Amino acid sequence: MTDRVFNFGAGPAVLPVVVLEQIREHFPSLPGLGMSVLEISHRSKAFADILSAAEMNVRELAELPANYHVLFLQGGATQQFAMVPMNLLPKQGVADYVITGSWAKKAAEEARKFGLVRVAATTESENYVRVPGAAELNQDADAAYMHITSNNTIYGTQWPSMPNTNGVPLVVDASSDIFSRPLYVTNHGLIYAGAQKNLGPAGVTLVVMKDELVARAPLSLPTLMRYETYVNSRSLHNTPPVFAVYVLSLVTSWIREQGGLEEMASRNKRKAAKLYAHIDRTDFYRGTSHPASRSDMNVTFRLPTADLDAQFVSSAADNGLVGLKGHRSVGGQRASIYNAFPEDGVNALVDFMGEFERTNG
Ligand code: PMP
């Protein structure tokens, strides 16, 4: 695979090349089966093995105790914006939301359709350049749960650690940083993540949830909107996204082979630190997020003018560095450097930034 570019896209995002090669090797026939993974029954032994491997990898990586379930759903993280309140927010209850970006805001807006939402903290007035500190969280001790977005993909901010919720179940949208660092899961009630950044292709959503939360859902919920359906059927109530689960099993095996979440965290820290150091070296590049809230996954920065930003994006692409354009709502640059993004690509970007500043600065 020599013609590959460095793909800084925010998601769907780069996958480990060895995983892509494994997928290719297993086409058009999985070893000993005479069929590809796209053609097997979701009730087959072959898929049962794939699903078990995926679940076991998630359990091992997250060091899950037995009272946590691993579920594979569809509908993306956006569907979780609705499923979380549908299942966990009682009619007379209240849920706390911390608003640290547009995804967090969308999650809160969706929850308002199902019950009372309190904003425990928001950084909207600062254009989401940071996440709130512990002292800023105005929590309701009786909240059904508190929802946060661990990494804000668009703004390039990340919670440095999970907040202490004083016994209120913590619900985390970890779509853009799941398995990028160790997960201290016993602090969490529920974690969800669309797969297409750190886990595999689009089409499957991982949900990890504490058993005691499963039974909270009202009986009137549609079958596929109830977490209990997935718990009782081991994610096989109906046809799951077979191919996406298969690739997730390969990506999570890859993470384990690389040394697990500690190793991912140290690589991710090193990659991000290189970029931030270069951004901070002169005034030509300006980091857009508050240093204490900087994300190791999405590194956001700007050049002195919008014209230079546009020129940077296109000239970088000509040099094999693609997908750097910031989200349409914020502009500037965004280098998404998830687990599978190679350090060589970060080095190439740093070199390119130096050269671009020399010729345009
Ligand atoms: N939450 C976060 C933090 C995201 O980054 C995204 C997608 N970029 C979403 C939610 C929405 O995910 P999906 O498209 O899987 O619904």
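This briefing walks through the domains, the ligand surroundings, the salt bridges and some backbone details of the structure above. The model is a predicted one, so please read every value below as computed from it. The chain falls into two parts, domain 1 (18–258) and domain 2 (261–360). Around the ligand there are 13 residues, and the salt-bridge count comes to 18.

**How the two domains meet**

- Taken over C-alpha atoms, the centres of domain 1 and domain 2 are 27 Å apart.
- To the contact, domain 1 contributes 25 residues and domain 2 contributes 26 residues.
- About 2,000 Å² of area is buried between domain 1 and domain 2, and carbon and sulfur atoms account for 56% of that area.
- What kinds of polar pairing turn up between domain 1 and domain 2? There are zero salt bridges between them, while 15 residue pairs are in polar contact across the interface, with both residues at pLDDT 80 or more.

- β7 (157–158) and α7 (242–258) each provide at least two residues of the side of domain 1 that touches domain 2.
- Which element gives the most to this side of domain 1? That is α7, with three residues.
- Sorted by class, the side of domain 1 that touches domain 2 holds 12 nonpolar, nine polar and four charged residues.

**Around the ligand**

- Of the 13 residues around the ligand, the ones that come nearest are Thr 78, Thr 153, Asp 173, Gln 196 and Lys 197.
- Lys 197 also has a polar side-chain atom 2.9 Å from a nitrogen atom of the ligand.
- Ala 77 takes part through its backbone, where an N or O atom lies 3.1 Å from an oxygen atom of the ligand.
- With Trp 103 it is the side chain that matters here: an N or O atom in it is 3.5 Å from an oxygen atom of the ligand.

**Salt bridges**

- The count comes to 18 salt bridges, and none of these is found between domain 1 and domain 2, where the count is zero.
- Asp 49 and Lys 45 form a salt bridge, with their closest N and O atoms 2.7 Å apart.
- Where do these two residues sit? Both Asp 49 and Lys 45 are in helix α2 (residues 45–62), and they are four residues apart, about one turn of the helix.

**Backbone details to look at**

- As background, most peptide bonds are trans, and most residues other than glycine have a negative phi.
- The peptide bond from Gly 11 to Pro 12 is cis, with omega near -10°. Pro 12 belongs to the loop between β1 (6–7) and α1 (17–25).
- A cis peptide bond also links Phe 27 to Pro 28, with omega near 0°. Pro 28 is placed in the loop between α1 and α2.
- Asn 166 is not a glycine, yet its phi is positive, at about 50°. This residue, Asn 166, lies in the loop between β7 and β8 (170–173).

Notes:
Residues are numbered from 1 along each chain as its sequence is written. This is a predicted model: local features need pLDDT of at least 70, side-chain atom pairs count only at pLDDT 80 or more; totals for chains, interfaces and linings use all residues. Side-chain values use heavy atoms; hydrogens and water are left out. Domain bounds come from an automatic or database domain assignment. Contact means heavy atoms within 4.5 Å. Buried area is the accessible area (1.4 Å probe) that two parts lose on being put together, summed over both. A salt bridge is a side-chain nitrogen of Lys or Arg within 4 Å of a carboxyl oxygen of Asp or Glu. A polar contact is a pair of N or O atoms within 3.5 Å; within protein, one must be able to donate a hydrogen and the other to accept it, and residues adjacent in sequence count only if both atoms are side-chain atoms. Ala, Val, Leu, Ile, Met, Phe, Trp, Tyr, Cys and Pro count as nonpolar, Asp, Glu, Lys and Arg as charged, and the others, Gly among them, as polar. A residue is near a molecule or strand if one of its heavy atoms lies within 4 Å of it.
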